[in-house]
Amino acid sequence: MLTVSGIHFSYNSHPALSDIHFSLDAGQVLGVLGVNGAGKSTLLKCLNRILRPQRGAVLLEKANILEMRQRDVARRMGYVPQRHADSRLTVYEAVLLGRRPHMGWTVRPKDYQVVETLLAEMALTHLSHRPVCDLSGGEVQQVMIARALAQSPRVLLLDEPTSNLDIKHQLEVMKTIRRVVREQQLSAVVSIHDLNLAVRFADAFLFIKDHRVYALHAKDALNAATISDVYGVEVSLINAGDHLMVVPR
Amino acid sequence: MKFNTVTRSYRQRIQHQTLALAATLTLALIVAVYAVGRGAYSLSPLQVFRALLGTAGERADVVVWNIRLPRIVASLVVGWGLSVSGLSIQSMLRNPLGSPSTLGISQGAAFGAAAAIVFAGAGIVSVTFFAFMGAMGATLIILLLAHLKRLSPEAIILSGVALSALFGSATILIQYMATDIQLASVVFWTFGDTARSSWREIGLLTVVVALTSIFFMTQRWDMNALDSGEEAARGLGVNVERLRLQGMAAAALIAALATAFHGVIAFVGLIAPHMARRLVGADHSLLIPFASVIGALLLLSADTAGRVLVGSGALPVGVLTSFLGGPVFLYLLVRGYR
């Protein structure tokens, strides 16, 4: 459903991404992996044109995202940035803001209904009238995901959604992402540092090394050699109960 | 259409706040009527009402229409305009300490106005035009620093201090070259005063402030988006560069006109938006109208208090707002702005 081909991006002639290509089906979570500065965040921002790639195409159901107006992009791709500014908007207002790409001069009944449904689904209803900046890290992340979902997107882009969260909230956030991706048949692209979380929740893995695609693996093709090469750390993959684990040697 | 409790309480809150807005507006009108009546020649509310219709006798009519009303309407419109201008600057730069006077935009306008008086004659068109160029000059410098150097909010305010000092000394330099008559009208600009404008200037300012306020209302969701961070706003489909440029230009236009006609009136544009935030939160759908009304009420109250307390009617309101605004600015700094 999402096909990315030949993305090049450079910051003032410093190459940040070079010939990035991959494709992703509906209902799938893609984990983007790589060392700090490999270009993971840059890649996400190129997909919804927060940054403009110098070359390449991002095809979503045959339409090229890079040739659309920003507003039309926002109707198709929900984005959760790595850092959120602490806004004094209430949770309700913040999620309603996600309807902005669909809104005209006034808020329509449909917009309110989308917000209501999302708040209930994400168990945020009881926080509706609290300012976002007063919430805990895990709650804020749920609000940001709700806002991205309010855009009624086909694709979710999440930049390090679990950094700064404790293990309980890391699991909650990743479960939420996987649930909505399955239920609504979205495609999610998630940049993530925690390999064990990635292995547990992603369906496919895009390894980026030196600004290029090093490997694109389905879950069952994941191997220790690739991880070791990309991160420069010797690792083993071991089975712990139902889950695969990445352990440095 | 049926909504559940959350949406109903959200909409109810908006209704309550709209009522509060109406109440504040009423309060402003009451202060205005009081202000028309107070002064060396005092009038009862009934006389004020009759004078507004032009039937209170020649003397009362002249006092009301030619002396008090211009000053009062100017205070309301300048307060409204500076507040909306400050709100926009705070939102566009994501900087709670921003306002026309803290960033040197008003001082840029005052410099432009002074230059026009000394070098191009004191016509309303040239003064306004030069004031706008001065304000835009300061605005562009601030925008460039914010955009290219990614300065922190504090550093931006420090740049504002530098710009204010620069424009201030440039204005003094111009005063040095001015003739006595020119000097008198240039010095005017250092202390903002709402008592000096004609109905024509007030009319022009009102039209501009109203149009820019409508413009900001059309951008209210984009301003909310920008409040949640630059990247978040882009992800929501906002053209951040365009919004910033248009918003800052509109804010500078208001500050330029207000300064060209009334001099530098500091801090209203900083304080009023913060008061509005305290009352209604961060949603610009409510913030823009609230900041407008509170700014108008604030400046009219300050001007009226100055008139009533000092008595002679000669105290420029700019002096009073600086007295009020300085401490509030420090308070915002200490408290961490929000």
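**Entry 1**

Axes here are lines fitted to C-alpha atoms, for helices over the stretch in contact, and angles run from 0 to 180 degrees between N-to-C directions. Residues are in contact if their C-beta atoms, placed from the backbone, lie within 7 Å. Helices (H or I, at least four residues) and strands (E, at least two) are DSSP runs, numbered from the N terminus.

I then traced the open sheet, whose six strands follow the order β6-β7-β8-β3-β9-β10 (chain A) with mixed pairing. Strands pair if DSSP finds at least two bridges between them. At the edges I found β6 (77-80) and β10 (212-218) of chain A, each pairing on one side only. From one strand to the next, the twist averages 15 degrees. Within this sheet I checked β3 (residues 28-33) and β8 (residues 187-191) of chain A, which pair in the parallel sense over five bridges. V29(A) faces A188(A) of β8(A) across this pairing.

**Entry 2: the four-stranded sheet of chain A**

I followed another open sheet, of four strands in the order β2-β1-β4-β5 (chain A), and noted antiparallel pairing. β2 (14-24) and β5 (63-64) of chain A each have a single partner strand, so one side of each is left without a neighbour in the sheet. Strand β1 (residues 2-11) of chain A pairs with β2(A) in the antiparallel sense over seven bridges, and S10(A) stands opposite P15(A). I also located helix α1 (residues 40-47) of chain A, which lies across β1, β2 and β4 (55-60) of chain A at about 65 degrees to β2(A).

**Entry 3: helix packing in chain B**

I examined helix α3 (residues 58-92) of chain B and α8(B), whose axes come within 10 Å and cross at roughly 30 degrees. The two helices are therefore roughly parallel to each other; the class covers angles under 35 degrees, while over 145 is roughly antiparallel, 65 to 115 roughly perpendicular and the rest oblique. I recorded the crossing of α3(B) and α8(B) as left-handed, meaning that the near helix is turned anticlockwise from the far one by less than a right angle. Among the residues that meet are W80(B) of α3(B) and W199(B) of α8(B).

I next took helix α12 (residues 268-280) and helix α14 (residues 317-335) of chain B, which pack at about 55 degrees with axes 9 Å apart. That angle makes α12(B) oblique to α14(B). Their crossing is left-handed, and the contact includes H274(B) of α12(B) and F329(B) of α14(B).

**Entry 4: the contact between chains, and confidence**

I counted 25 residues from chain B and 28 residues from chain A in the contact. On the side of chain B, α1 (5-37), α9 (220-227) and α10 (230-235) each give two or more residues.

I noted a mean pLDDT (the predictor's confidence in each residue, from 0 to 100) of 88 for chain B, with 98% of its residues at 70 or more. The predictor gives the complex an ipTM of 0.92 and a pTM of 0.92.

**Conventions**

Residues are numbered from 1 along each chain as its sequence is written, and chains are lettered from A and ligands numbered from 1 in the order in which they are written. In this predicted model, local features need pLDDT of at least 70, side-chain atom pairs count only at pLDDT 80 or more, and totals for chains, interfaces and linings use all residues.

How values were computed
Contact = placed C-beta atoms within 7 Å.
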